[in-house]
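Please look at the sequence and the model before reading on.

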Amino acid sequence: MSQTNKPALNPLTLTEQLAADRTRLANERTLLAYVRTALGLIVSGTGFAEYLDSPSLRVIFILFIPVGIFILLVGVRSFLRRRKVLNEYAEEHPPT
């Protein structure tokens with residue numbers, strides 16, 4: 001039988017494991033900040049646009065909606081990319 005060419009697993013120390021957990025939680029907090037910002041823009045864009053009489057201000061607030069959606073997509077993409085990197089690192093370095 002042939003052996004597979006798996007790299008040797010390097011287990012994490014407790015300090016490294018706690019640092020990885022903090023990084024994972026920071027990633028989630030960052031996603032929530034993106035969501036909060038996006039929702040703020042979307043809500044203000046829809047809310048203020050309804051009550052303004054000035055057409056130019058109305059257009060500006062309506063533009064908040066696609067900007068909010070864009071920020072939400074950027075945040076989700078960033079979160080997923082970072083989570084993928086963290087998961088790959090966790091697979092290479094199992095907890096002790």
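Predicted model: local features only at pLDDT ≥ 70, side-chain atom pairs only at ≥ 80, totals over all residues.

Me: How many helices and how many strands does the chain have?
Reply: Helices (H or I, at least four residues) and strands (E, at least two) are DSSP runs, numbered from the N terminus. On that basis the chain has zero strands and two helices.

Me: What percentage of the residues of the chain count as buried?
Reply: A residue is buried under 20% relative accessible area, exposed over 50% and partly exposed in between, with a 1.4 Å probe and protein chains only. The chain exposes about 7700 Å² (Shrake-Rupley method, 1.4 Å probe; for residues, only the protein chains shown count as cover). Carbon and sulfur atoms supply 64% of that area. Of the 96 residues, the buried share is 16%.

Me: Which term describes the directions of α1 and α2 relative to each other, roughly parallel or roughly antiparallel?
Reply: Two packed helices are described by the distance between their axes and the angle between them. The axes of α1 (residues 14-51) and α2 (residues 55-92) come within 7 Å and cross at roughly 170°; axes are lines fitted to C-alpha atoms, for helices over the stretch in contact, and angles run from 0 to 180 degrees between N-to-C directions. Angles under 35 degrees count as roughly parallel, over 145 as roughly antiparallel, 65 to 115 as roughly perpendicular and the rest as oblique. The two helices are therefore roughly antiparallel.

Me: Is N27 buried or exposed?
Reply: N27 has its place in helix α1. Leaving aside residues up to four places away in sequence, N27 touches F79, R82 and R83, where contact means heavy atoms within 4.5 Å. With a relative accessible area of 9%, N27 is buried.

Me: Which residues does F61 touch, not counting residues up to four places away in sequence?
Reply: F61 is found in helix α2 and is buried, at a relative accessible area of 18%. F61 and E50, 11 residues apart in sequence, are 9.3 Å apart from C-alpha to C-alpha. With that sequence limit, the residues in contact with F61 are S44, G45, F48, A49 and L52.

Me: How far apart in space are R83 and E28, C-alpha to C-alpha?
Reply: R83 belongs to helix α2 and is partly exposed, with a relative accessible area of 41%. In sequence, R83 and E28 are 55 residues apart. In space, their C-alpha atoms are separated by 9.1 Å.

Me: What distance separates the C-alpha atoms of L32 and F79?
Reply: L32 lies in helix α1 and is exposed, with a relative accessible area of 55%. L32 and F79 are 47 residues apart along the chain, and the distance between their C-alpha atoms is 9.7 Å.

Definitions and conventions: Residues numbered from 1 in each chain as written. Heavy atoms only, no water.
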